[in-house]
Amino acid sequence: MCSRRHGEVVSTTPAEDRYFVLSANWNRRTTAQQVANQFLAASGKQISRKTVARRLRGGGLYAPRPVVCVSLTRQHRTARLQWCREHHNWTEQDWACVLFSDEIRFSVCHRIVDAN
């Protein structure tokens with residue numbers, strides 16, 4: 001056991017934390033439980049899945065979240081196609097003002113268009 005901050009007792013060393021992150025980076029589909037099992041086989045030291053998950057989060061690795069998409073009906077697709085046909089002659093500046101918001105997560109980024 002070692003102490004990193006005042007009052008915090010941790011069961012892993014910084015070198016072990018790096019081992020967890022490297023193991024997870026080496027195989028991105030591995031779970032925290034699998035990393036804990038690999039560590040147990042390599043070192044003989046038992047570490048809980050939650051501890052490994054915390055160390056991975058501390059190293060910038062997070063569990064992947066499933067992407068949820070909006071299911072489109074035939075009416076949605078028809079309406080989108082009609083809208084696209086009505087706007088097929090728009091310029092790049094016109095399209096710069098459009099934000100498609102049917103995605104679950106999106107970010108707004110500003111792009112500078114060269115006026116030349």
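Is Cys-97 buried or exposed, and what is its relative accessible area?

Modeller: The model is a predicted one, and the description below should be read accordingly. Cys-97 has a relative accessible area of 70%, and it is therefore exposed, the cut-off for that class being over 50%. Cys-84 has 41% relative accessibility and so counts as partly exposed. As for covalent links, a disulfide is a bond between the sulfur atoms of two cysteines. The structure holds zero disulfides.

In one of them, Lys-45 pairs with Glu-16, and their closest N and O atoms are 3.2 Å apart. This pair links distant parts of the chain, 29 residues apart: Glu-16 belongs to helix H1 (residues 14-26), while Lys-45 sits in the loop between helix H2 (32-43) and helix H3 (49-58). Glu-16, at 15% relative accessibility, counts as buried, because the limit for that class is under 20%. Lys-45, at 30%, counts as partly exposed.

Another salt bridge joins Arg-55 to Asp-17, with 3.3 Å between the closest N and O atoms. Arg-55 lies in helix H3 and Asp-17 in helix H1, so this contact ties together parts that are 38 residues apart in sequence. Both Arg-55 and Asp-17 are buried.

How values were computed
Residues are numbered from 1 along each chain as its sequence is written. This is a predicted model: local features need pLDDT of at least 70, side-chain atom pairs count only at pLDDT 80 or more; totals for chains, interfaces and linings use all residues. Side-chain values use heavy atoms; hydrogens and water are left out. A salt bridge is a side-chain nitrogen of Lys or Arg within 4 Å of a carboxyl oxygen of Asp or Glu. Helices (H or I, at least four residues) and strands (E, at least two) are DSSP runs, numbered from the N terminus. Buried means under 20% relative accessible area, exposed over 50%, partly exposed in between (1.4 Å probe, protein chains only). A disulfide is a pair of cysteine sulfur atoms within 2.5 Å.
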